[in-house]
Amino acid sequence: EALLAEGSPGGENDEELVDEEVVGFPLDSQSPPQSSGVGADPSQRLGLTPAASFGQDEGCVFNFGSNYFEFDVPPGYLALDVASLSLGNLLPFNQIRGFVDIAHCLTHSLPLSPYFYDSTDYYKGVSTREGPQYVDFVSSGSGFLINETDVRNVDVAFHTIVANVRVWGGKWYYEVTLSSHGLMQIGWVSDAFVPGPGSGVGVGDDPVGASFGVDLFRRLRWHRGVGTPFGARKWAAGDVLGCAVDLDQRTVKFSLNGEWQTESGVAYPLSDISPKSVALSGFDIGGGISPAASFRANNGCSFNFGGMPFRYRPEDYQPLGIPDSWLGKIDEYYSMEQCTTYLMARQADMVAPAESTGARGDVFGAE
């Protein structure tokens, strides 16, 4: 797929392609040749490579499969990048490949892949962060139902949950996918924040300014116990809230589905770095701040501190954590490799084994 950055002529129909349109390019390389000459012999295959030509100041963003496609892949087609290959509708291809490679290593007494024993400290040398690499929570009460990074308040009282990572310098980011549309206050708290179980004091409610957050159910920004009108619209279940903080400049921003929200009610793109996209500045961080959220009864969301690919991470902001599941490590490990004939052939062997009549290269061509 290609996401257009600039409009360009649409070809023989004289249709205009506009910015943000997505164009898909399916190719059936197994179709019978339409002409004689080179390629007329079905046993011969011509190699094809994606390509594009651009006029001045025109461009697009390509997705060969390393990210989720905007539209469903036509039946029988495969992504060029192995990160999105799948076996039917069961499991991601990278996980299948991981299981196959594990069996190969065990049966041939070979070393296991690095995702089994990787003990690297990815934040070693970072002097402005404290906490585990795999970010979890420290709750202020027993009213939460927590499943990994999915959180829901199942109590009748107003409760706050805080992540077990603290930062006091640099630019950091995390995302929240809403599973409800009700009253939640999501943002950051310093070590001076004391909510108290069921006290009703949420993120941004404390009078000393030890926390700040947003509540787009009521379209308010909260700091020092004062709610200020904020945001272009109310949030809804399924929306993605981005929480970005620049602790060197003492600024915080909040985005909704990739657009910065502001007090003026105007939304700005993530590329906007002007002061108008800043939600709050000049705040006190004490000994450091941590991600936090407060929930009214029966509200919840899913946190992403870096354990999964971000949907809308702004440039230069770093994740607070790393992939924290074995499957996530498998996907990260294999997604760094190029798509090879071996992988494509193995996929074909499982989907249509009757076509694999010769060497793998005979069926799919070169890498």
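Which order do the three strands of the open sheet have? I looked this up first, keeping in mind that the model is predicted. The order is β4-β1-β5, and the pairing is antiparallel.

One pair I noted is L3 with its bridge partner V22 in β4. I then looked at the edges, which are β4 (22-23) and β5. Each has a single partner strand, so one side of each is left without a neighbour in the sheet. I reminded myself that strands of a sheet pair through backbone hydrogen bonds, either parallel or antiparallel.

**Entry on the whole chain.** I noted four helices and 26 strands in the protein chain. It has 367 residues, of which 40% count as buried. The accessible surface comes to about 20,100 Å², and 53% of that belongs to carbon and sulfur atoms. I also looked at contacts between residues at least 6 apart in sequence: 61% of them join residues at least 24 apart.

**Entry on the core.** I went to the largest nonpolar core, which has 40 residues. Y174, I186, W188, F295 and F303 touch the most other members. β14 gives the most, with four residues. I picked F295 and listed what it touches beyond four places in sequence; among them are F144, V151, H159, M184 and F303. In general, nonpolar side chains tend to be buried together in soluble globular proteins.

**Entry on β14.** Is β14 mostly covered or mostly uncovered? I found it mostly covered, with six of its eight residues buried. Next I went through its partner strands. With β19, β14 pairs in the antiparallel sense over seven bridges, and E175 stands opposite G242 there. With β25, β14 also runs antiparallel, joined by four bridges; L178 stands opposite C301. With β26, residues 318-319, the pairing is parallel, over two bridges, and Y173 stands opposite P319.

Which residues make the nonpolar surface patch of about 380 Å²? I wrote down F54, F62, F64 and L80.

How values were computed. Residues numbered from 1 in each chain as written. Predicted model: local features only at pLDDT ≥ 70, side-chain atom pairs only at ≥ 80, totals over all residues. Heavy atoms only, no water. Patch = residues over 30% accessible without salt bridge, like charges linked within 9 Å, V, L, I, M, F, W, Y side chains within 5 Å. Areas by Shrake-Rupley, 256 points an atom, 1.4 Å probe, with all protein chains shown as cover. Salt bridge = Lys/Arg side-chain N within 4 Å of Asp/Glu carboxyl O. Core = buried A, V, L, I, M, F, W, Y, C linked by side-chain atoms within 4.5 Å. Buried < 20%, exposed > 50% of the residue type's maximum accessible area, 1.4 Å probe, protein only. Contact = heavy atoms within 4.5 Å. Pairing = 2+ DSSP bridges.
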